[in-house]
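Work through the two exercises below with the sequence and the model at hand. Each task is followed by a stepwise solution.

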Amino acid sequence: MPGPSPGLRRALLGLWVALGLGILGLSAVAQEPFWADLQPRVALVERGGSLWLNCSTNCPRPERGGLETSLRRNGTQRGLRWLARQLVDIREPESQPVCFFRCARRTLQARGLIRTFQRPDRVELVPLPAWQPVGENFTLSCRVPGAGPRGSLTLSLLRGTQELIRRRFSGEPPRARGAVLTATVLARREDHGANFSCRAELDLRPHGLGLFANSSAPRELRTFALPLDPPHLTAPRLLEVGSERPVSCSLDGLFPASEAEVYLALGDQRLSPDVTLQGDALRATATAAAGHEHEGTRQLVCNVTLGGESRETWENVTVYSFPAPRLALSDPNAPEGHLVTVTCTGGAQARVTLEGIPAAVPGQPVQLQINVTEDDDKRDFFCDAALEVDGETLSKNESAELRVLYAPRLDDSGCPRSWTWPEGPEQTLRCEARGNPAPAVHCARPDGGAVLALGLPGPVTRALAGTYRCTAANAQGQAVKDVTLTVEYAPALDSVGCPERLTWLEGTEASLSCVAQGVPPPHVSCVRPGEVARVEGRLRVAREHAGTYRCQATNARGAAAKNVVVTVEYGPRFEELSCPSNWTWVEGSGKLFSCEVDGKPEPSVECVGPEGAREGVALPLAFSNPEPRNPGSPSDPTPGVYLCNATNRHGSAIKTVVVSAESPPQMDESSCPSHQTWLEGTEAAALACAARGRPAPRVRCARDGAARPERQRVSRQDAGTYHCVATNAHGTDSRTVTVGVEYRPVVAELAASPPSVRPGGNFTLTCRAEAWPPAQISWRAPPGALNLGLSSNNSTLSVAGALGSHGGEYECAATNAHGRHARRITVRVAGPWLWIAVGGAAGGAVLLAAGAGLAFYVQSTACKKGEYNVQEAESSGEAVCLNGAGAGAGGAGADGGAEQGGAAESPEGGEVFSIQLTSA
């Protein structure tokens, strides 16, 4: 029995597969799990903050559900399969809320984790000691209470901005809160005044929150160093009652020295010290004074305190009383020759001495009597007293001055007979006389003139010079003395005694005299810069004496210098270099003849030459002075022989000058036309380009930088633009020349279109000619040919509706100024040749025979005459030469003629062409 067909089997297999997939899908739906979800599952909340929890399930219809937690709740929102509840004031470090739903007799649960964090709001650094000794350790302790979780905390101890220690508390239990960081630090000098602080960082960035940081208030550390050695005390061993003596106390190695306190006291008397600091050194200075109640031995104490520690030292000081001695003169102002008594007395315990004479016992006075003279005036007497205190001998003295009254005396030491002062600066004029009382001194000219202001500063002028009488007077008498005042001043060179400019004449005798004013009389010398020898005495003047001399006047009060310019004048003289005998003037250069003549003063020069008139023509001259000297002279000099005359106030000179003229090259349209025309085929010649100039310029022409190639005949290739340059010794000139090549006309093409025509048809004859200048085209048509159309330039002849009268010979002629050239073409108009088909093979044979005979004839006659019959078939425009050479293998053929597809040319009388036009 045959089985089911393959198509049925494939259908049944597909049905089973579909059923299997459906059953599997239903099974998967039946076994899908239900769950409960809590969001957020894990949360980190700031302590005291709030949080919304979302509890949800995928159970289609849960029986009941809820959220279990020990935290405070604020609000609840519900849905069929979800529950949202807000938890507030969350303070527990860690709690685990439970989300549950009852679904299909099963309880679905989801547990969450809520942790709290607290920012490091309180960061406390334990107070530092008030003073910390340098080199000893101290403890830094930082507390951050409540901040957490501790595992996210980092504490740092800082000195200013420098981090000393840093600790991270990672790995601590999540519920741990607060932290303490302690470090031991060695106190250094540079720590004095430094601020120490603690920085706490709570990094919750891994939990999606930020970095919370806080720092403690800074605490200042004060460090100190106090040496073990006591201070150094400097004080007097003895102190006199009523006197003041400095005392000082110093200590080195203090830090900071500015914080140290110093206590100074003498017995029970506290002193007020002045403290100075230098680095780590301290120095306290004070003034110690004592009264009679302090006599005896007293203790001087110095105490230095720093950082709560002290260093102290002391010295003994003896306080004593020692009054000064007294010195008395019986007459302090005694006239000369009187007797004066001097008495010296002291204290009860002191021994006195007067002028080296000691007292016999302590407490006894000493006296001295003298007969005073002038030498005793202003004599000092000394009274010395000595007292022994604590094994040391002390001394005091008293002095007194004795004045002796006597008449004035004018000595040379105080009032010299001769005074010499420099002019200018202020001087104090003094004439001092000895005498007591002090004499009054008056100095004036004997004739009652000027009076000297003695003792007052004033400027010294030359008018003060002269002799004065000085008188000194006091109550004891007077003295008189004559004095001479000399005022010295530096040399001066003025224009009268030493003129700035001197003019000498060559060949004469002269001297360079320069007189200077000054006191004392100056010495004057003149020398030329760069030379050593001085100019002295009379000289025979030569040109080399001209120049600038430096004259210097010198005396004890200074020097003066002046430049003196000596000009040596002389008559005119011509030099060949500066005034040549032969001069060539270049036309158009604008240069004038330069004739410079040596002479001082500068000579005037005039050059005059004969010009066929009675009065000579002046030669224009070029002067260094731009002002014209010959305003009437022509600007361009005239060639010829000139006589030049140079004149100044010392003479004249004459010289003959020959002037010739030359000119640079010059080309213009007349000598070198810018457009030139050549005729093709003529004998080649150079460009017609010449230049004017003297000497004769050389002219060269080139095209594109290359010279024209040598040819015997003019070619069209010679056309173009040429650059011609003319050159001689005075310059160049150039022109651009355009060369055009003209040639005779040639009819290059004569063609008919279409190649075949029948009666009533249209045809066109085209004639193309080559010529320069362009040729004029003209046509000659068969007699009776009407309705001919010509183009605008006659190059095309058109016929519409061809008739029999249009058949025949057409001639195209091209004409220009250089000749004429013509070509011909024959046009035939014929009807249908039906008889050719009737003729059959016989007619073809006859035609072949006739063609062979005609070819032989054309070869022997027509081709020799240069006449061609252009036969164009309907399918080809090929022209065949009807001679033996062209009929065979194409010996002459189209290549043997002048032009393929056209006809060969005839050099005389034009050419003959033939075209066979047939009807269809």
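Strands are DSSP runs of E with at least two residues, numbered from the N terminus. The model is predicted, so local features need pLDDT of at least 70 and side-chain atom pairs pLDDT 80 or more, while totals for chains, interfaces and linings use all residues. Residues are numbered from 1 along each chain as its sequence is written, and side-chain values use heavy atoms, without hydrogens and water.

**Exercise 1.** Determine which strands supply at least two residues each of the lining of the second largest pocket.

Solution.
Step 1. A pocket is an open set of points on a 1 Å grid over the protein atoms alone, where a 1.4 Å probe fits, with protein on both sides within 12 Å along at least five of seven lines; lining residues have an atom within 4 Å of a point.
Step 2. The strands are β2 (42-46), β10 (113-117), β14 (153-159), β15 (162-168) and β17 (194-203).
Step 3. Of these, β2 gives the most, with three residues.

**Exercise 2.** Describe the setting of N436 and state whether N436 is buried or exposed.

Solution.
Step 1. N436 lies in strand β40 (residues 434-436).
Step 2. The relative accessible area of N436 is 7%; buried means under 20%, exposed over 50%, partly exposed in between (1.4 Å probe, protein chains only). N436 is therefore buried.
Step 3. With contact taken as heavy atoms within 4.5 Å, and residues up to four places away in sequence not counted, N436 touches D377, R403, V404, L405, Y406, N474 and Q476.

Methods
Helices (H or I, at least four residues) and strands (E, at least two) are DSSP runs, numbered from the N terminus.
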